[in-house]
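Here's a quick briefing to read with the model open beside you.

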Amino acid sequence: MSSVNTLAIPRPAEAGHWGKEVRSDLHVAIEPRDRGGLEITLESRVGIYYGSSILSQTRQVLESLGVKHARISIHDEGALPFVISARIETAVKRAGLSGNQKALPEERIALPKPTPRDRLRRSRLYLPGSEPKYFINAGLHGADAIILDLEDSVHHGEKDAARILVRNTLHAIDFGSCERMVRINQLPLGLQDLTEVIPEQPDLILIPKVERPEQISQTDRMIDELKSRDRIDRPIWLMPIVESAVGIENAFAIATASPNVCALTIGLEDYTADIGVAKTLEARESQYARTRLVNAAKAAGIQAIDSVFGDVGDLAGLQQWGENSRALGFEGMGCIHPSQIPVIHQAFAPSQIEVDKALKIVAAFEEAQQRGLAVVSLGSKMIDPPVVERARKLVARAKAMEKA
Amino acid sequence: MSERTELAQNAAGRSVPTMVNGKPQIPFLGVGQYQPRGRKTAPPICSSRDYPENGDKRVTNLETALRNCGLRNGMVISNHHHLRDGDRVALMALEAAAKIGVKDLMWFPSASFPSQKAAIELMQSGVIHHIEGSMNGPLGDYCTQGKMRGMGVLRSHGGRWQAIQDGEVHIDVAVIAAPTADAFGNADGSHGKSACGSLGFALADSTYADRVIVVTDNLVLFPCVPWQIQGNNVDFVVEVESIGDPAKIVSGTTQITRSPDRLRIAEFVARFLRDAGIMRNGFSFQAGAGGIALAFVDYLRRMMKEDSVKARFVRGGSTKFLVELLQEGLTDYILDGQTFDLDGVKSIGSDPRHVATSPFTSYNYHGKGNFASLVDAVVLGATEVDVNFNANVVTHSDGRLLHGIGGWQNCLAAGCTILAVPSFRDRIPVIIDEVTTLTGPGELIDVVATERGIAINPRRQDLLDAVKGSSLPIRPIQEIKAEVERICGGKPARPKLGDRPVAVVKWVDGTVLDTIWQCA
């Protein structure tokens, strides 16, 4: 995939966006030439404050990409440095001026600790991979995870740009305590995404439209290769998105296709389209698929995560959806606006009554252990071991949420 | 402006002109340090024998009214801005003045709006000499580019009243747009097709100007009830087709911000009031009509309900959100300075607990106290804040005029002053080393709430103590600043300001707080 670029004949190209409505982005137009060095023109909304910084960054990026002769014209709408590098690199690559070189942002965040396989994944906030304005503060809103999306929210013609932008984002942006997820494109396009993002060590890769376990093993192999090439030894988890009738039928095989699969999730828009029904608020049409998915996930010892709730204005509907989800065995869902996060967290939190009961059960169990009793009882009721186990899980989860 | 302006350093360390438009100035002496003596100014004595016995003060048009008022070259003509960007009366008056051939007027609006940009042509043709009042958009650029003949003077709403009362500004003719009026000159803002709510900004003009003209598009039979402007102060009444564009006078509905970052700031501010114990029975607050302020009111309302807390009064700019507090019994009163939306206008016109106030009751330095210092907490915006909590609200970071001061400076007298601001805008950090234009001294600013955390002024140990144990992200202002600079790729370069003063920022007491310098 890289040789295509190096062999291409240089041509004018552009990348990024500008205009009155655009924020935190920039537009780069590049015109390759044979001689004459670099000629850069800059118009920037923040020119007075960062004009010379943008110009020197531009020169630096071009130099690191090996571009010596070109006219570059930049319209900047207050983009941050990691976006500036990404847009210039995209334009240069589109112009056929650079092969494999990357222009990573100067600033690198301290890589957060690897995430445990079974960490809380109640909420994951989707961020369109071509909209840098959403990235910078996304970590502030308290979601358990953010997803940098390269798939459905990115236009076909912008896949290359989004890939580079997301890579730079992982490199430079601190998402706080959020797990850093990337949704790649469907295979085989998704493999190119992996080449770009894996070196920046995201915590988890969402793989869309998974129907067969082979898709998981293919992705897993690719990630392994990239990891060993770059000597990365931290885990990168996989969350397959099942969004078709076939996928649902193969859910268990998918869940067990790799030890790196930590959760299964479902895409209801595509699923309902696939089975030819309308998606409704009551969700009776996907009841089977969702319970089947939960069962497959639990059988595989991993988490089951629900789809997204599309109506940002309907927080009451979201709350109800979330509570229902939790009752089915799901442990979280996606969100498309930060206002959904606290509602989802509330919906997936065990109630105080449940927590109190679980605490009593755990206490009774511990007391029985101490006294060497084989049978645990609470009041007049005998408590079976699975009940104790469930109570322990619930208490652990409630504690984790308290901290989260 | 050809002669060199002498500059002096004021108590805030800012370099300010000692003469403005031919009048000697007192540089800012520090908060509460300036104590003027003497007597307040007063309008000339008049006699009711000079006014029609039947109370009909109507004349056919503004031109006639201005002629009858004896408008001459170099006089001061004033307007209020309750019709906001929808106002037609100010330009009507200035254009009428142009028709009768008057030159070199000082235009003294309580604020100007972008729709009044035709005032630029009137400055170019010599009708207007200069403007003392807020300028933004095209008028602001005209001033900051150094094209205005005199110096701009920016005053707070309270400062405008102060300047009128102590004679710093003498209004020759006040032209008051009135949504409803009678032929005697009684006028009201809360009724009529161009209703705008309160008319408080025009009160000083109506009582201190030599001559007063009321312009209305809704003439009613005497008496116009209620009257906010008393006809006893009015010389002439002019009836016109329309005083303004209703769509731009009030917004149909005011919208809460949908930006997650701004919602987060709003929620922080509400939680701060709760956790610091400011939100308690009988408390009071003031918040404007910006997106963050509206969202703040919405969050606070939920918390007040949860904790069964009721406010004694809230201060407007009123909007639907304050009106809902009143209707739900969460506040006893709205004390309203200006009315921003249709719900506000409807409420002030019909609910006796929704009371119109003026800069006299709320803000005036020469009053025997004012309401501003009785408010427990106020939520304001700013373009810049520095590490000493000094804030700028009038210029962009590059020195161009952006906003008027409005009631902003006056509100700093509240028990707890909170600036609710994003930590950066378009890569430009909001928290910086030193503000471009000082509008509010840091000793009066207690809290800066951003989406990345809340900074409390170290002078307010009581507030720092009050929120101990709260889950709010309380952080030193320096730490937030450093984080934002890291995100933005370093400190922004300082813009180069010119060395010629084009306008001054007055403090609430009439002293000169800072200077606006010419920029290209």
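In which loop of chain B is Gly317(B) found? Look between β16 and α10 of chain B: that's the loop that holds Gly317(B). Keep in mind that this is a predicted model.

- As background, most peptide bonds are trans, and most residues other than glycine have a negative phi.
- Ser24(A) isn't a glycine, yet its phi is positive, near 55 degrees.
- To locate Ser24(A), go to the loop between β1 (13–16) and β2 (26–32) of chain A.

**Domains of chain A**

- Chain A splits into domain 1 (3–94), domain 2 (123–348) and domain 3 (352–403).

**A helix pair in chain A**

- Two packed helices are described by the angle between their axes and the distance between the axes.
- For helix α3 (residues 81–94) and helix α4 (residues 159–172) of chain A, the angle is about 150 degrees and the axes are 9 Å apart.
- An angle over 145 degrees counts as roughly antiparallel, so that's how α3(A) and α4(A) run relative to each other.
- The crossing of α3(A) past α4(A) is right-handed.
- On the α3(A) side, the contact residues include Phe82(A), Val83(A), Ala86(A) and Lys93(A), while α4(A) brings in residues including Ile164(A), Leu165(A), Asn168(A) and His171(A).
- Sorted by class, the residues of this contact between α3(A) and α4(A) come to seven nonpolar, five polar and three charged.

**The eight-stranded sheet of chain B**

- Chain B has an open sheet of eight strands with mixed pairing, in the order β18-β17-β16-β15-β19-β22-β26-β27.
- At the edges are β18 (354–356) and β27 (453–456) of chain B, each with pairing on one side only.
- From one strand to the next, the twist averages 20 degrees.
- Helix α8 (residues 260–275) of chain B packs on this sheet, where it touches β19 (377–380), β22, β26 and β27 of chain B, and its direction makes about 140 degrees with that of β26(B).
- Inside the sheet, β22 (residues 416–420) and β26 (residues 447–450) of chain B are parallel partners, joined over three bridges.
- Leu419(B) has Val448(B) of β26(B) as its bridge partner.
- Helix α10 (residues 320–327) of chain B lies across β16 (311–315), β17 (331–336) and β18 of chain B, at about 150 degrees to β17(B).

**Where the chains touch**

- The contact between the chains involves 18 residues of chain B and 20 residues of chain A.
- On the chain B side, α8 and α15 (477–488) are the elements that give two or more residues.
- The biggest giver there is α8(B), with four residues.
- By class, this side of chain B has eight nonpolar, three polar and seven charged residues.

Key
Residues are numbered from 1 along each chain as its sequence is written. Chains are lettered from A and ligands numbered from 1 in the order in which they are written. This is a predicted model: local features need pLDDT of at least 70, side-chain atom pairs count only at pLDDT 80 or more; totals for chains, interfaces and linings use all residues. Axes are lines fitted to C-alpha atoms, for helices over the stretch in contact, and angles run from 0 to 180 degrees between N-to-C directions. Angles under 35 degrees count as roughly parallel, over 145 as roughly antiparallel, 65 to 115 as roughly perpendicular and the rest as oblique. A crossing is left-handed if the near helix is turned anticlockwise from the far one by less than a right angle, and right-handed if clockwise. Two residues are in contact if their C-beta atoms, placed from the backbone, lie within 7 Å. Ala, Val, Leu, Ile, Met, Phe, Trp, Tyr, Cys and Pro count as nonpolar, Asp, Glu, Lys and Arg as charged, and the others, Gly among them, as polar. Domain bounds come from an automatic or database domain assignment. Two strands pair if DSSP finds at least two bridges between them.
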